[in-house]
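Welcome, and please take a moment to look over the sequence and the model shown here. We will then walk through it together, one part at a time.

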Amino acid sequence: MPLALIADDDADIRDLLSLAVGRTGAQTVLVEDGREAVRRLQDITPDVILLDVQMPGLSGIEVCWWIRRQRHLVHVPVILVSSRTSPFEIDAGLLAGANHYVTKPFSPAHIMAVVAQLLTERAALALPAPVVIPDLPMQRDC
Amino acid sequence: MTTAGLTAYGKGLPRRPREVAVGVAVLAVVFVLMLTSVRLAPVGSTVAAWWPAAGVSAGGVLLTRGRQRVVMLAGIWLVCLSANVIGGRHVPSAAGFAFANLAECVVVALLMFGYGGQGRSLRTMQDFWRLLLAAFCGAVVAGALGGLSATAFTPAPFLPTARSVAASHLAALLVILPLFLRTGPTIHRRPWERVVQWTGVVVSTSVVFGLTQQVPVAFVAIPVLVWSALRNSLRTTSLQLLCVGVLVSVFTARGHGPFALSASGSNLPPETVASLVQAFLAVCAFTVLPLSLTVMQRRELLARVSESEEVFRHGFADAMLGMFILRCEDAYPRAIEANDVAARLLGQDRGALLSDGDWLENFLEPGRSEVRAGMLAIMAETSKGWRGEVQLAQDPSRWIELVLSTLNRDGSHYMFTAQLVDTTEQHSARQLLEAALVKEREAVVELRRLNDAKSTFVSSVSHELRTPVTSVVGYTEMLIDGVGGDVNPDQRDMLGRIRRNGQRLMVLIEDLLTASRLESGANTPVLRNHDLRDTAKGALEGVAPLLRDRRLRMNLEVGSQPTPVLADAGQLERLVMNLLSNAIKFTPDGGAVTVRVSHSDTNALLSVSDTGMGIPEDEQDQLFSRFFRSSSAQRQAIQGTGIGLSIVRGIASQHGGAVSAASVEGLGSTFTLNLPLDDPAAVDAATL
């Protein structure tokens with residue numbers, strides 16, 4: 001069963017996100033702010049992470065930045081959810097390594113679609129195991 | 001014959017009649033003087049006692065230049081020859097004397113003009129020594145040649161003849177040549193002094209030399225001439241000297257006066273009488289000429305000094321600036337001179353300004369250490385001057401601009417000039433200006449702070465409003481989708497109303513935020529090349545939910561060619577959606593809404609027309625103001641905030657375009673967006 005971490009300081013939005021993500025069949029872990037998210041992420045490796053941008057302590061963008069520098073989290077898809085809609089903010093989020101930037105107001109259906117897509121892609125994107133054929137000489141010209 | 005040939009032919013001849021006249025006059029005078037002198041030769045002598053013709057002829061030569069001089073010399077020889085012949089001399093002897101005269105003129109001219117001489121100038125003692133040398137050499141040459149010709153053609157002995165000729169010529173040259181030279185400026189004395197002076201010269205000389213008894217009072221002429229030298233110009237003095245010479249010669253030749261009488265009394269030869277006359281004249285010239293020269297020079301020098309003194313006085317005393325002359329020793333300056341403006345500036349009389357004590361301490365209060373440092377720098381020769389603003393000791397509200405510059409250095413004393421200008425007004429004006437600038441800067445900072453506060457407000461409001469609306473609409477959708485369990489049709493209808501109104505709230509919030517961002521300029525569009533037809537299609541799709549439960553005909557009329565514009569796709573679509581939602585809102589069921597996209601050579605046009613209620617004509621000019629709602633909309637209680645069209649206009653102008661409206665009340669409205677085409681050439685190419 002896939003695991004999703006959801007960080008948002010607004011309890012209603014947090015639960016709404018949890019409901020939507022839950023409908024894709026994933027289990028959710030809920031945290032209230034960026035620091036707690038970082039603390040929880042040191043123990044678990046979720047399949048998808050949803051972060052609010054505007055949170056007390058560490059912002060979602062900072063947490064995303066941190067995630068992309070963790071060996072066990074580097075491939076985990078991150079969705080930033082924000083009420084900030086300016087192109088500058090969106091670019092900053094994507095530059096920090098987020099896979100998606102969803103602006104409020106969002107509809108739960110949109111969240112479900114994005115999460116479902118990321119979970120499927122993740123499965124498909126698993127690296128194929130390297131095949132080694134010892135008898136063949138290595139090609140040098142590539 | 002050409003003009004050039006004529007010119008060449010005439011070259012060397014006197015060019016101006018005046019010059020010819022002068023030359024002829026000189027020769028005529030020489031002729032007359034020679035005749036007279038030969039006639040006036042003392043009885044028993046072969047030579048004349050005085051030979052003024054020598055002076056005049058030498059002077060005449062000095063007056064000429066170049067070839068004129070050669071002509072003049074030839075004339076002199078001829079005149080001399082003829083005068084001597086007429087005077088009773090044999091032709092060979094006359095020719096010899098004429099030659100002697102010629103040689104004398106040549107020598108005098110050579111010496112006067114040669115060796116850097118100014119020629120015709122008698123202004124300095126140097127000129128006088130030159131004149132003396134020329135006269136002496138000329139006389140010696142004339143004497144030697146005259147003596148030779150006398151020895152050769154007459155029974156007269158060489159030496160006495162040579163001696164007396166030389167002496168007579170020297171006297172004549174010394175007395176007459178100065179009249180041909182340029183001297184200092186003429187001096188105008190009062191008429192009575194001139195009359196008395198001239199009378200003195202004539203009378204005293206006539207009386208002394210007209211005496212028929214032997215009284216040796218020849219010296220009486222000298223004080224009168226000295227008087228002239230002290231008071232008159234060199235030219236006047238020379239004239240009087242000449243006058244004395246003529247009178248002395250005439251009287252002596254007639255046997256009057258101390259020289260002739262003493263000679264006759266002691267049976268001296270006539271040559272001795274001549275020599276005495278010549279010596280007397282030479283002494284007179286030698287006494288009077290240098291004296292006159294020196295007096296003249298002194299006079300000129302005084303005039304120059306007093307002129308420069310006057311200039312300085314004027315510059316200093318009547319200057320528009322306050323001026324001081326400071327004398328500075330060990331960095332303690334004392335004022336030794338001050339002008340009236342300085343006194344006025346410092347509010348004290350000049351006597352007080354020149355009092356003892358440190359000038360800086362006395363008059364300039366703050367900043368004087370700076371001035372002193374500047375002064376020390378000048379004295380150490382590390383700077384040329386000092387300039388700065390200082391306050392007055394007596395009245396610190398007054399500001400003075402002070403400029404110090406060195407005047408000269410005298411041992412350990414330095415002299416400075418200090419120039420003072422009252423800059424109180426400029427100073428206060430500058431202070432006012434500075435205060436105004438500070439105030440303006442503060443205002444700008446305050447404005448910036450307000451603007452920042454507004455931006456912060458917009459972003460925090462956007463967060464605070466969007467988040468709860470998200471919850472409202474999100475949970476409603478979940479309920480409708482049955483996440484919270486089954487809902488019956490009544491409940492579903494109610495939930496639908498909640499969702500619809502939530503969405504309206506969302507739109508309103510977005511509109512408000514957009515309007516606010518447009519107004520503060522924080523809304524920066526990301527411009528990309530975009531086909532306006534796609535925008536129209538997208539916007540039509542976007543308003544599809546509004547058409548549910550409505551009976552409206554939606555038409556889209558686009559051309560087959562792309563209509564490229566440089567635009568932010570999202571914002572442009574929002575603009576068109578605003579226009580469309582208005583059209584839908586204000587058009588009753590059964591009507592039609594038409595979207596047209598077209599373009600001219602330079603502009604892309606998108607119009608939205610409806611068959612709705614229209615806008616009263618007198619309200620059309622307020623259409624695009626924020627929160628404006630037409631009276632017809634209010635009458636029919638159609639929902640709206642009046643913000644949509646102001647956003648439309650804001651976005652259009654951000655894209656360099658414009659929106660216009662045309663409407664007839666009751667028939668419908670047409671809103672037209674006009675944007676510059678991105679690349680008209682590309683469109684033309686596609687059209688062809």
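**Starting from a pair of strands**

In chain A, strand E1 (residues 3-7) and strand E3 run parallel and are joined by four bridges. One pairing to look for is A:Ala4, whose bridge partner in E3(A) is A:Val48. Please keep in mind as we go that this is a predicted model.

Now stay with E3(A) and look to its other pairing. Four bridges also join E3(A) to strand E4 (residues 78-82) of chain A, and these two strands run parallel as well. Here A:Leu51 stands opposite A:Leu80 in E4(A). To get from E3(A) to E4(A), the chain passes through helix H3 (residues 60-67) of chain A, making a β-α-β crossover that is right-handed.

Is E3(A) mostly covered or mostly open? Strand E3 (residues 48-52) of chain A is mostly covered, with five of its five residues buried. The cover is found on both faces: A:Val48, A:Leu50 and A:Asp52 are buried on one side, and A:Ile49 and A:Leu51 are buried on the other.

Let us step back to chain A as a whole. Chain A has five helices and five strands, and along the sequence they follow the pattern β-α-β-α-β-α-β-α-β-α. Of its 142 residues, 37% count as buried. Among the contacts in chain A between residues at least 6 apart in sequence, 59% join residues at least 24 apart.

Next, follow chain A to where it touches chain B. How many residues of each chain are in contact? The answer is 16 residues of chain B with 16 residues of chain A. On the chain B side, helix H17 (residues 424-480) of chain B gives the largest share, 13 residues. By type, the residues on that side of chain B divide into seven nonpolar, seven polar and two charged.

Moving into chain B, find helix H3 (residues 52-63) of chain B. At 1.5 Å a residue, its twelve residues should span 16 Å, and the end C-alpha atoms are 17 Å apart, which agrees. Eleven of the twelve residues of H3(B) are buried, so this helix is largely enclosed by the rest of the structure. Among the buried ones are B:Pro52, B:Val56, B:Gly59, B:Gly60 and B:Leu62.

Our last stop is a sheet in chain B. Its five strands form an open sheet in the order E7-E9-E10-E12-E11 (chain B), with mixed pairing. Strand E7 (553-558) and strand E11 (658-664) of chain B stand at the edges; each has a single partner strand, so one side of each is left without a neighbour in the sheet. From one strand to the next, the twist averages 10 degrees.

Helix H22 (residues 644-654) of chain B lies across E11 and strand E12 (668-676) of chain B, and runs at about 140 degrees to E11(B).

Terms used
Residues are numbered from 1 along each chain as its sequence is written. Chains are lettered from A and ligands numbered from 1 in the order in which they are written. This is a predicted model: local features need pLDDT of at least 70, side-chain atom pairs count only at pLDDT 80 or more; totals for chains, interfaces and linings use all residues. A residue is buried if 20 or more other C-beta atoms lie within 10 Å of its own, exposed if 12 or fewer, and partly exposed in between; C-beta atoms are placed from the backbone. Two residues are in contact if their C-beta atoms, placed from the backbone, lie within 7 Å. Ala, Val, Leu, Ile, Met, Phe, Trp, Tyr, Cys and Pro count as nonpolar, Asp, Glu, Lys and Arg as charged, and the others, Gly among them, as polar. The expected span of a helix is 1.5 Å times one less than its number of residues. Two strands pair if DSSP finds at least two bridges between them. Axes are lines fitted to C-alpha atoms, for helices over the stretch in contact, and angles run from 0 to 180 degrees between N-to-C directions. A crossover is right-handed if, with the strands pointing away from the viewer, the path from the first strand over the helix to the second runs clockwise.
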